[in-house]
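The stops below say what to select and what to look for.

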Amino acid sequence: MSEPKPTTQTPTPVELTEEQKKKQEEKKKAKEAEKQAKLAKLAEKESKAKALKEKEEENKKKKAAKEAEEKEAADKEAAKLRDYTDKVLQTPIGEKKEFSGELYPSYHPPAVEARWYDWWLKNEFFSPEKQLEIQQHVQKDKKFVIVIPPPNVTGSLHLGHALTNSIQDAIVRYHRMKGEVALWVPGTDHAGIATQAVVEKKLMRERNITRHEIGREQFVSEVWKWKDEYGSRIQNQLKKLASSLDWKREAFTLDDTRSRAVNTAFVRMFNDGLITRSSRLVNWSCALKTAISDIEVDYKDLEKHTKMSVPGHSGEYDFGVLFEFGYPVEGSQELLYVATTRIETMLADTAVAIHSDDARYKHLHGKFVVHPLLGKRIPIITDDVLVDPSFGTGVVKVTPAHDPNDYETGLRHNLPMINLFTDEGLINENGGQFKGLKRFDARNAVIKALEEKGCYKGMKDNKMRIGVCSRSKDVIEPMVKPQWYVKCGDMAQRAIKAVVDKELEIIPATHEVTWFRWLEGIKDWCVSRQLWWGHRIPAYLARIQGRPEPDHFDMENWVVGETKEEALAVALKRFNVAADQISLEQDPDVLDTWFSSGLFPFSTMGWPEKTADMENFYPTSLLETGSDILFFWVARMVMMGQQLTGQLPFKQVFLHAMVRDSHGHKMSKSLGNVIDPTDVINGISLNQLQENLKTGNLEQKEFTRASAALKLDYPNGIPECGTDALRFALCAYTSQGRDINLDILRVDGYRRFCNKIWNATRFALMKLGTDYKPIDFDAEALINNSSSVNRWILNAAARAIRLVDQGFKDYDFAAATTAIYNFWLHELCDFYLETTKPIFSDDNNDAEDKLRTKHTLYTCIEIGLKLLHPFMPYLTEELYQSIAHRPSDNLPTIMLAQFPLEQPQWIDANIEEEMKQCQDLITAIRSLCNKYRVKKVPIFAHAKKEELHKLFSRHAHLIKVLTNASDFQVHLTSEGRTGCVVDTYNDSLSILLDLSTSIDFTAEIKRLEGSRTNLLTQKDALLKKINIPSYDKVPQKIREDNTTKLNGIEEEIKTLSNSIESFQKMSLNK
């Protein structure tokens, strides 16, 4: 029986009420509306995105089109510039450039500077003989002579050299233009140590040989080859800088003439008892195996214990410490502890010193210690000069042969002087078991040996200075060596007297203190150098047959002579023997480079011969150099000049300051801030600047730091500035007594100044016209019946002439360049040229007025170029050759033209004051027009005083032109004017701008109110920061900045409110 099937019963649908149906429908509609809204929003978003994309595409197209247009314009300009430069370079070397038509539209240094130097050289314009031949105003009995501080033949010029030569060339060109017979003598220094080191490295790098392997004669020959091949680099750089040196007089301190002078000087000073030979302590470079001068020693300052590597050694060694060890006191168990920075030199100790009043060691007076490693007896001495009881242990080891203070102690106590080292810096036979060890390896070995003896106590931090050879970076070793010395005492006193008696002037005078201090404390000058490249000392050791080996330290066994034959004649006479019984051996050493440099002012004139140059150009006029070599070179030139010629070598010494980078750091290769002047002249990329660092042998750490510094200072490299801009910038920076923090990028600003000068001259040429013929100069005629503006610019020219002239006389190059800059830029370009435009453009102007203005314009350009020439020789020569010359001016070059003479008749204080008041008013009107963003509107000046009314009425046309006003009127009233905005200029004058027809007041008010609202929002946000309870804890600098910012916002709000109020009033009255 089957079960019954279940039945499915459909529930009866519930009938919705009308209200429910309505709600359901509304819900459905709402969903649909929401859907449509989303679709609409999406469509709007897509539409906006599409529009934005289309806009972006349009902007891209516009940008691409603009870039293409700019590129096309740039390419056209570059092509024009190439054509211009190529045309210039078609001028044969040594020939004068041809000038036809207008100047190129802009200043381009490579084209301007090209070919001039070769033309000057070919025509010998740098020689006094040529000047005497063709300069009309030359003063034959007035000379101006300087010699170049001879740069090292090994090097290349850096910005310090560029400063020196920019100053010197400016001075020489100034005196040449003044009509003084000018001579600037060029030369280079053979630079004994530096050059020998360069060639030794070259031989090792290229041929893997040392100088000793090829011998002295062959090595010197190699150095001469190197000099001939690479030595012209300096000359080329000097020529690039436009240095007006008389190259036919070029000297090299090791050429035949200078070598003769050196030998003569040595022999004469020897015969006068000023040169002697003795063993004394010297700065010894173990790497170079020679004594070096104090100037060739650099110093490292250590604050505490420091591990340092040393050239020629492997590993690192302890410096910046005091080592303490004990000397066993003879006959007792006591150890006398000493503290020393040079523990290895204890092997050469010859005494132990204590202070006579030190109670701790009274019982040791007159006793001995026993050397713990060598077993020898060493006296205990009392020396109150050497010993400071409060320093270290109050006991000092005395090593007379290897320490300057110990050396003096040794002389006082007649102690033995034991040399511990070979010339290479190895321990010699005096070091016992340590023989053959390198200096600082011996340090460690001595410490170990003392520890084994129970005599080593330890080491502790000690602040100290370490002398390092500037060439090899090796640690200097004080060593006693037989050397030749110049006695400087009497010569120094004469040099002091020359300054005291004002026979020699040192500028700035602040350096006199240094001069006196150094010369009063001067010591004998060690002139021996253990080198092969240099002036071999003309001294010979005499050996006589049948007699014992001569004592090298006995001066009686030495003879001198300018030649070996002369020395032999002296020896035969002294020893009274036949020629075949005597032999002479020349000292192998050479003379310190500073010896030949000390003769430079007169050896360059042909001394010791009585040459025409010695008669005509010695003594020289000036020595210009850096203050850092006042002692090493300047003082020695003075001493040797007085001793050998009986005259001071120059009358004045001008010492310029040191060039530092823009941050005030000394220029150093390791800092990466040494800039080649050629890179500033030609321009250089950042990448190339960083690549150049790789030639400086920097360690990786130094390279990384230097490269980062370059990127920070020159992210876009250095732009092409040209020689003239560099020279002008260097001289503009020069202030007496202050170091120069040179911002290279400021030089680019002076390049733009060059462009201003170029364009001003170009403007003048266009306005003067091709048919303009300048007349002979007549200062009086220029101001007769001339306009106020013409008289004003001539007054400005007279002031510039006076200031530049005085600047050169005072060696105040900052003042001279500032006067030139102001005249060209502010007075000539910014003001005067603008005033001449309506005069030349209006055909209705009086012809005589136009001609007088042309004569004045020409005169100002001519004066400006002549004033500028000493600083910017290339630009001024180019422009001078571009302008017509006066009938009486037949000189071929601006460098021989007459420097502008002072013109007292042009000085006019009244016109200067009048024009100053006009300029100030013009500036105020321009500022007001900029504030309201209007041009070409009627402008009124309402004066309360009659004199102001008359003054500005006289110059109304000038003010109208220079303010770009549609009209300018001056009224004697204090009333306002309908439709005008009023600005109170001062108590006696108001400026009124008529804005009634040029501004939509409603729109302008709306714009200003919007700006004010933004400022009020900024003010509220700033006040919220300022008014927090803990504001007093905010750093003071931030609080000060916030206060300054708030004051600025409030001032701007006030200005806007005043403008809105003014516009509202004008809108109502309109």
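**Domains**

Bear in mind throughout that this is a predicted model. Colour the protein chain by its domain assignment: domain 1 (135-274 + 596-656), domain 2 (299-471), domain 3 (665-720), domain 4 (740-907), domain 5 (914-994) and domain 6 (1001-1068). Domain 1 is given as two segments, 135-274 and 596-656. Next, pick out domain 3 and domain 5; their C-alpha centres are 53 Å apart.

**Helix α5**

Select residues 159-177, which form helix α5. Its 19 residues should span 27 Å at 1.5 Å a residue, and the end C-alpha atoms lie 26 Å apart, so the two values agree. Show the surface and the helix is mostly covered, with 17 of its 19 residues buried. Step past the end of α5 to Gly179, which has a positive phi near 95°.

**Helix α13**

Move to residues 489-500, helix α13. From first C-alpha to last, this 12-residue helix reaches 17 Å, close to the expected 16 Å. Which residues of α13 are buried? They are Met491, Ala492, Ala495, Ile496, Ala498 and Val499. Turn the view to look down the axis of α13: the buried residues fall within an arc of 155°, so they line one face of the helix. On the face turned away from that side, select Asp490 and Val500, which are exposed.

Now display what the buried residues of α13 pack against: the helices α10 (256-271), α14 (512-520) and α19 (630-645), together with the strands β18 (477-486) and β19 (505-507). Just after α13, Lys502 takes a positive phi of about 65°.

**Salt bridges**

The whole structure contains 60 salt bridges; a few are visited here.

- Select Lys71 and Asp75, whose side chains meet at 2.9 Å, N to O. Both are in helix α1 (residues 18-89), 4 residues apart, which puts about one helical turn between them. Lys71 counts as exposed, at 52% relative accessibility, while Asp75 is partly exposed at 38%.
- Select Lys130 and Glu133, where the closest N and O atoms of the salt bridge are 3.8 Å apart. This pair is in helix α4 (residues 128-134), 3 residues apart, again about one helical turn. Glu133 is exposed at 58% relative accessibility, whereas Lys130 is buried at 18%.
- Select Glu324 and Lys460, a salt bridge of 3.3 Å, N to O. Glu324 is in strand β10 (residues 321-328) and Lys460 in strand β16 (residues 456-461), so the pair ties together parts that are 136 residues apart in sequence. Glu324 is buried, with 9% relative accessible area, and Lys460 is partly exposed at 41%.

Finish at Asp679, in helix α20 (residues 677-682).

Methods: Residues numbered from 1 in each chain as written. Predicted model: local features only at pLDDT ≥ 70, side-chain atom pairs only at ≥ 80, totals over all residues. Heavy atoms only, no water. Helix = DSSP H or I, 4+ residues; strand = E, 2+ residues; numbered from the N terminus. Domains from an automatic or database assignment. Expected span 1.5 Å × (residues − 1). Buried < 20%, exposed > 50% of the residue type's maximum accessible area, 1.4 Å probe, protein only. Arc of directions from axis to C-beta. Contact = heavy atoms within 4.5 Å. Salt bridge = Lys/Arg side-chain N within 4 Å of Asp/Glu carboxyl O.
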